[in-house]
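Open the model in your viewer and keep the sequence at hand. The tour below goes from one selection to the next.

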Amino acid sequence: MVLENKQTTVAYRCPHCGMGVMSVVDIFNLSADMVKLKCNCGQSEMTVVRARDGKIRFTVPCILCPKPHNFTVSSSLFFNKELFVLPCPYSDINICMMGDINYVKAELSRSELELLDLLEKSGLSGFEDIHGDEVLTDPQIREIVTYVIKELDEEGRIRCKCADGSSGEYDAEIQKEGIRVSCAKCGATKLIPTDSLISASEFLNADSLELE
């Protein structure tokens, strides 16, 4: 019996230099190991791995956000679609494409024009400036921070002055300077700035939140 060598083309756009990174992935190399797509600039990479349940898991660098996004799709969708895209959950800009090589190339070109238009409207000179300025508006940054706070709370990664083994009661309040997270039990608090991605980046790249 000859096994069918299923394959598809995957691509992402490097958030540091703006280049499209594209590669053909087949079911054999994906089953054997994690596949990494690395940009020639050396500043970013996307990983693709086939999980035990057969689903395909991605870690995709984002052209706008400071941290990569994780996605999971079915093996059937990954190998059988002419084109399937994965958008940034906050900006809705497509950051990963998969499918027929011609469709993927076309989507890379279309998304590049969309990003160039965004850069022009934001007053930025190139892709390298994206992570150094406020490409996202204040409300969008607040949405990102609020989402991450909720995730940390659900995963038990917010810590305060409550005694060990005692979980706090956390509340997030939107203020002019940012979002203040407080514990109703011990009074510990922390202000997360949301005036720009630069000011919020320390929190967005942290694995936990410590209230003081």
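**Start at a strand pair**

Select T47 and look across to β5, where T59 stands opposite T47. The model you are viewing is a predicted one. Now extend the selection to residues 45-50, strand β4, and to residues 56-60, strand β5; the two run antiparallel and are joined by 4 bridges.

**Widen to the sheet**

**The largest pocket**

Next, go to the largest pocket, with a volume of about 450 Å³. Select K67, P68, H69, Y90 and E151: of the 19 lining residues, these are the closest to the centre of the pocket. Helix α4 supplies the largest share, 5 residues. By class, the lining of the largest pocket holds 12 nonpolar, 3 polar and 4 charged residues.

**The second largest pocket**

Finally, move to the second largest pocket, which holds about 200 Å³ of space. Which of its 12 lining residues are the closest to its centre? Select K190, I192, E202, F203 and L209 to see them. Colour β12 (189-193), α5 (197-204) and β13 (209-210), the elements that give two or more residues to the lining of this pocket. That lining divides into 7 nonpolar, 2 polar and 3 charged residues.

Methods. Residues are numbered from 1 along each chain as its sequence is written. This is a predicted model: local features need pLDDT of at least 70, side-chain atom pairs count only at pLDDT 80 or more; totals for chains, interfaces and linings use all residues. Side-chain values use heavy atoms; hydrogens and water are left out. On a 1 Å grid over the protein atoms alone, a cavity is a set of points where a 1.4 Å probe fits but cannot get out, and a pocket is an open set with protein on both sides within 12 Å along at least five of seven lines; lining residues have an atom within 4 Å of a point. Grid points are joined across faces, edges and corners, and a volume is the space filled by probe spheres set on the points. Ala, Val, Leu, Ile, Met, Phe, Trp, Tyr, Cys and Pro count as nonpolar, Asp, Glu, Lys and Arg as charged, and the others, Gly among them, as polar. Two strands pair if DSSP finds at least two bridges between them.
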